[in-house]
Amino acid sequence: MMRWLRLGLTLLRRERASGEWRILLLALVIGVGSVSTTGFLGDRLKRAMTERGAGFLGADLLVTSPRPIQAWPDHDLDTSQAIELASMASRGDLFQLVTLRAVDAAWPLRGQVRIAQRPFEDGQPGPALPPPGDIYVETGLLSLLDAQVGDRVRIGASEFRIGGLVADEPGRIGGIFGLAPRVFLRADALAATQVLQPGSRITYLYQFAGAPEAIEGFARALKPRLDNTQRLTGAREGSQVLRGPFANADRYIQLTALISLLLSVAAVAIAARRHALRHYDQAALLRCLGATTGQLRTLYASQWLLLGLLGSLLGVGLGALAQQGLAALLLPEAAWQLPELGWAPVGAGMLSGLLALAGASLPYLLRLSQTPPLRVLRRDLPPLPLAAWLSAAITGTALTGLVLWYAQDAQLVAVFLGALAALVLTLAILARLALAGGRWVRRLSAGPLRFGLAQLLRHRLDSTLQLGAFTLALFLLALLTLVRTDLVHGWRQQLPADAPNHFLVNIAPHQQQEVSAYLAKYPIKSSDLYPMIRGKLVTRNGQPITEGLSEAAREDNTLRRELNLTWTGRLPANNEILAGTWHGNRPGDEISVEARMAERLGLALGDRLGFQVGDQTVEARITSLRSVQWESLQPNFFVIFAPGPLETLPASGLAAIHVPPEARDALTGFVKAFPGITVLALDKLMNDIQAVFDQIIAALQLLLGFLLAAGMAVVLATLLASLDARQQEAVLLRTLGAPRAFLAKSLWSEFLALGALAGLLASACAEIAMALIAQRLFELSPQWHPLMWISLPLAGALLVGAGGWLTTRQITRIPPMQSIRALS
Amino acid sequence: MHPNIRTYEETSSRTPGFHPVAVEARGLGQQVSTAERDLTILKDIHLSVKAGATWAITGASGSGKSTLLGLLAGLDRPSSGSVTLLGQALDGLDEDARARLRAGRVGFVFQSFQLLPALTALENVLLPLELSGQTDARDQARHWLERVGLAERAEHTPRQLSGGEQQRVALARAFATHPEIVFADEPTGNLDADTGARIIDLLFDLNVQTGTTLILVTHDEALAARCSHRLRLAAGRVVDAGAGADA
Ligand SMILES: Nc1ncnc2c1ncn2[C@@H]1O[C@H](COP(=O)(O)OP(=O)(O)OP(=O)(O)O)[C@@H](O)[C@H]1O
Ligand SMILES: [Mg+2]
């Protein structure tokens with residue numbers, strides 16, 4: 001055993017410079033590097049949350065509700081409550097949307113709030129409740145309002161002193177989704193600010209803490225009383241919920257990393273195959289000298305294991321470096337707060353590396369260890385074939401295991417594998433077609449170019465694989481870039497110059513006249529003012545709305561939250577009636593529904609819908625279906641009532657305005673004049689959203705860098721696999737008198753053609769995918785990207801050309817005599 | 001004799017498993033079925049090789065020489081008949097058991113040398129020594145390289161050696177473990193006449209010095225004539241078996 005292990009390592013040391021070991025190592029490093037990059041970051045986030053335990057939720061149990069909850073089940077738990085809402089904070093002529101949290105003295109029941117006096121200090125633990133007259137704000141607000149601790153800030157009708165900075169609070173990791181900075185104020189100071197208006201979007205937070213059994217009993221009793229706008233969160237689910245959108249982003253980022261790993265597996269498999277082919281003679285000889293199957297297995301397994309460990313370790317190291325970059329991209333403010341690197345992802349990375357290696361190479365290893373010894377006498381004797389089902393089972397199990405492990409969700413895995421398979425199949429077909437097209441080009445070409453193209457066409461399977469892998473990488477990279485430039489930047493450019501750039505929210509009915517009068521004094525263009533009431537769609541023709549709906553439809557956003565309902569007799573400018581007739585000014589129980597929502601929920605003209613508004617139910621009949629231009633930035637509504645039914649209910653007004661740069665001052669005055677009205681700066685909001693979007697895309701691009709490298713590894717591995725045959729051919733050509741330059745040129749033309757073709761295919765795929773996304777998802781007209789059609793093939797040609805040349809150039813260097821010897 | 005070769009003190013009572021008959025075949029036949037028809041490669045071969053004897057197997061190309069050699073060495077299974085190698089009936093042994101039987105006790109020399117390209121000359125000789133668990137393997141390997149006159153080339157890889165030099169390394173490897181029997185399949189087939197002749201001299205010298213049994217496949221009548229016995233094959237059958245010239 002030891003002897004074979006030692007021999008294995010000696011051989012490995014001697015052969016370490018050989019191409020297949022290098023590719024294998026490279027592919028493993030890339031694959032493991034990509035999954036451990038995300039693994040490390042995910043782990044740090046998770047530990048950031050669990051290390052704070054219940055402190056993350058701020059309580060053992062948290063109930064959130066859009067309405068105050070008056071009646072609770074009996075309990076003797078500690079309680080605390082807070083009101084959260086968006087509002088304006090201003091200082092001088094600067095103003096900023098903030099998230100107000102009005103707290104009592106007990107907040108938070110668990111964990112702690114840390115208040116600092118200077119930015120980026122750790123701060124002192126203390127209650128979230130500021131002293132009277134003070135507020136605590138998140139550090140980010142200081143620069144937005146050009147303020148310092150101790151300065152005075154206006155919120156609604158009151159003025160407060162900034163008494164400290166929120167350095168840490170339960171549930172907050174900071175960074176990516178904190179668009180409206182947090183402000184803590186005393187609950188008893190809220191009323192005086194006058195920011196609470198009927199119809200304001202408010203969240204009531206109730207915290208509970210106590211003995212576990214008491215909490216459990218309380219939660220059991222409470223659950224049936226809550227409707228689905230209200231939410232109960234225990235400490236255990238707390239971190240999940242609070243991770244919120246990042247939890248999903250995280251999952252997709254992981255899957256992106258996984259694609260790199262799978263591509264690497266392909267590269268490893270190709271390298272492993274070549275390794276096996278080149279070692280059958282060795283294995284046969286060793287069997288002749290008395291090696292048993294088991295001993296050969298020890299020998300080769302020790303080599304692979306060592307290499308697997310080395311590659312995985314390097315990959316993990318690479319991941320540890322890259323995750324810091326990813327953290328900085330995703331959580332710019334919090335990256336420094338995250339816990340140290342953990343050991344768990346090291347284990348996970350190593351395991352994925354070994355699993356990937358095993359899946360890709362075990363079948364070859366098994367074949368190698370079963371080489372018949374007779375091969376020493378009959379060189380042509382093929383190695384015993386391994387039962388196809390066995391190798392498929394080994395590879396399949398290992399890879400499915402990997403994917404399952406990373407996705408942790410059977411449905412997601414199915415979707416992922418399905419999409420990947422479809423993509424691979426499409427790419428394979430496209431590659432085949434492209435190669436067929438290449439035959440035409442070849443006919444028209446001459447000399448080395450013709451020879452190079454002939455190579456591409458001859459190794460059809462190889463070429464398909466190379467094309468497929470590289471196209472996939474380029475395609476995803478291009479798609480991501482286009483999504484960013486087209487959808488975000490493109491959409492903004494498409495907006496008319498006078499598109500609204502501010503929303504006025506929470507306009508009380510009695511303020512409407514004053515607001516209009518105020519705006520009229522300035523060159524401000526305003527939309528109609530829409531009254532707004534929040535209500536939940538609950539019934540259809542007297543039956544619960546969910547009845548008869550598919551699982552997916554039940555989860556529709558329009559059912560999960562309260563809708564903004566409005567009424568007007570005038571069809572909004574960018575809406576169009578698709579069916580039925582617009583109710584106009586005839587008062588009655590009529591509504592107009594957005595057509596796509598109607599389609600998703602299976603609603604038809606004539607259906608009676610019931611909405612729960614507060615504790616009342618309002619019913620109305622659908623008399624028209626509308627299209628809505630969501631991206632117009634105008635106030636848009638899923639459901640518009642005819643004048644009448646809603647008018648008696650408390651509503652707040654909503655208007656969109658366009659404020660030209662020269663009228664900016666008007667807004668400062670407006671915020672002071674109407675303390676309760678929230679001014680949403682759309683352009684700023686859009687900038688923030690775009691910044692978040694850019695962060696995520698940059699993070700994905702970092703991972704796609706891995707993907708590109710993995711695609712490259714596949715290309716190199718396939719090239720390497722054909723190296724022996726190419727060498728033989730080159731020797732032949734040179735003995736027949738072909739000059740070295742001819743060989744070099746034909747190699748270059750082969751690789752340049754391959755890379756350019758991959759670039760073209762990727763461009764085509766990206767163009768189609770983009771057109772579909774733009775049209776289906778965003779209703780934008782698709783556009784051409786001529787620059788991409790040039791840059792992608794160019795980039796592909798350069799990358800593959802350089803990589804291919806580096807792998808194969810030795811062919812042209814070796815004098816024919818020496819190659820003849822090397823081959824024999 | 002090569003000047004560098006020292007005589008080796010042969011211990012004729014060397015192993016407890018010493019058998020008067022090194023390898024024996026009874027009614028040996030080999031058939032393969034190809035797409036069109038069944039092909040008989042060997043038929044009804046009887047052979048008994050005494051320990052210490054040298055046998056030449058000759059015959060035209062395709063007559064089945066290598067096939068026979070492979071069967072005698074236990075590299076393959078016959079379709080009929082039986083082989084007894086070093087006192088062990090091979091039919092009862094599986095592939096791994098046959099491998100274990102070969103380890104250290106059977107040496108091979110091939111037409112195409114079959115050195116491991118990644119290892120140096122010394123390491124190639126070391127290979128069977130280490131694998132059979134010899135304690136002073138390295139010293140022995142050096143000693144054997146010296147005996148084949150390649151002491152200075154110990155650290156060179158096969159690629160840096162000429163064909164004749166490679167075959168000398170292969171001879172050192174084959175004899176290094178003091179095998180009881182050495183199988184050689186056209187050991188000079190890839191070499192020019194001069195070099196071939198020197199290799200053959202060396203092979204016979206080593207054989208005499210170590211007292212191993214030698215089974216040699218060759219085209220070369222002169223070479224065959226130097227063996228104590230010969231077996232001529234034609235189309236898979238023995239056409240002539242008996243004592244060689246100097247037997
Ligand atoms: N497994 C097999 N399948 C088909 N044919 C085989 C097989 N093994 C051997 N043969 C055929 O049997 C015949 C004998 O082969 P063998 O290699 O033993 O000949 P040889 O005498 O060593 O010839 P040479 O002198 O050319 O080496 C050849 O025709 C060979 O093609
Ligand atoms: Mg032969």
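Is E562(A) buried or exposed? E562(A) is buried, at a relative accessible area of 8%; buried means under 20%, exposed over 50%, and partly exposed in between (1.4 Å probe, protein chains only). This is a predicted model, in which local features need pLDDT of at least 70 and side-chain atom pairs count only at pLDDT 80 or more, while totals for chains, interfaces and linings use all residues. Residues are numbered from 1 along each chain as its sequence is written, chains are lettered from A and ligands numbered from 1 in the order in which they are written, and side-chain values use heavy atoms, with hydrogens and water left out.

**Salt bridges**

- Over all chains, the whole structure holds 26 salt bridges, each a side-chain nitrogen of Lys or Arg within 4 Å of a carboxyl oxygen of Asp or Glu.
- R110(A) and D60(A) form one of them, at 2.7 Å from N to O.
- That pair links distant parts of the chain, 50 residues apart: R110(A) is in the loop between β3 (94–103) and β4 (113–116) of chain A, and D60(A) is in the loop between α2 (19–50) and β1 (61–65) of chain A. Helices (H or I, at least four residues) and strands (E, at least two) are DSSP runs, numbered from the N terminus.
- R110(A) is partly exposed at 30% relative accessible area, whereas D60(A) is buried at 14%.
- E562(A) meets R534(A) in a salt bridge of 3.6 Å, N to O.
- Here too the pair links distant parts of the chain, 28 residues apart, with E562(A) in the loop between α16 (557–560) and β16 (563–567) and R534(A) in strand β14 (residues 530–540) of chain A.
- R534(A) counts as buried, at 15% relative accessibility.
- E590(A) pairs with R586(A), their closest N and O atoms being 2.9 Å apart; E590(A) is buried at 10% and R586(A) is partly exposed at 38%.
- Shared partners join R67(A), R534(A) and E562(A) into one salt-bridge network.

**Surroundings of N501(A)**

- N501(A) sits in the loop between α13 (460–494) and β12 (502–507) of chain A and is buried, with 9% relative accessible area.
- Its side chain reaches the backbone nitrogen of V659(A) at 2.9 Å.
- Leaving aside residues up to four places away in sequence, N501(A) touches I657(A), H658(A), V659(A), R664(A), L680(A), A681(A), L682(A) and D683(A); contact means heavy atoms within 4.5 Å.

**Interface of chains A and B**

- The contact takes 30 residues from chain B and 26 residues from chain A.
- About 2500 Å² is buried between the two chains, 63% of it from carbon and sulfur atoms; buried area is the accessible area (1.4 Å probe) that two parts lose on being put together, summed over both.
- Three salt bridges are counted between chain B and chain A.
- R14(A) and E123(B) meet in a salt bridge through their side chains, at 2.1 Å from N to O.
- On the side of chain B that touches chain A, the elements giving two or more residues are α1 (65–72), α2 (95–102), β6 (106–110) and α3 (121–131) of chain B.
- The largest share of that side, five residues, comes from α2(B).

**Sheet in chain B**

- An open sheet of four strands in chain B has the order β2-β1-β4-β5, with antiparallel pairing; two strands pair if DSSP finds at least two bridges between them.
- Its edge strands, β2 (38–50) and β5 (88–89) of chain B, each pair on one side only.
- Five bridges join β1 (residues 21–33) to β4 (residues 80–85) of chain B.
- R26(B) stands opposite S82(B) in β4(B).

Notes. A polar contact is a pair of N or O atoms within 3.5 Å; within protein, one must be able to donate a hydrogen and the other to accept it, and residues adjacent in sequence count only if both atoms are side-chain atoms.
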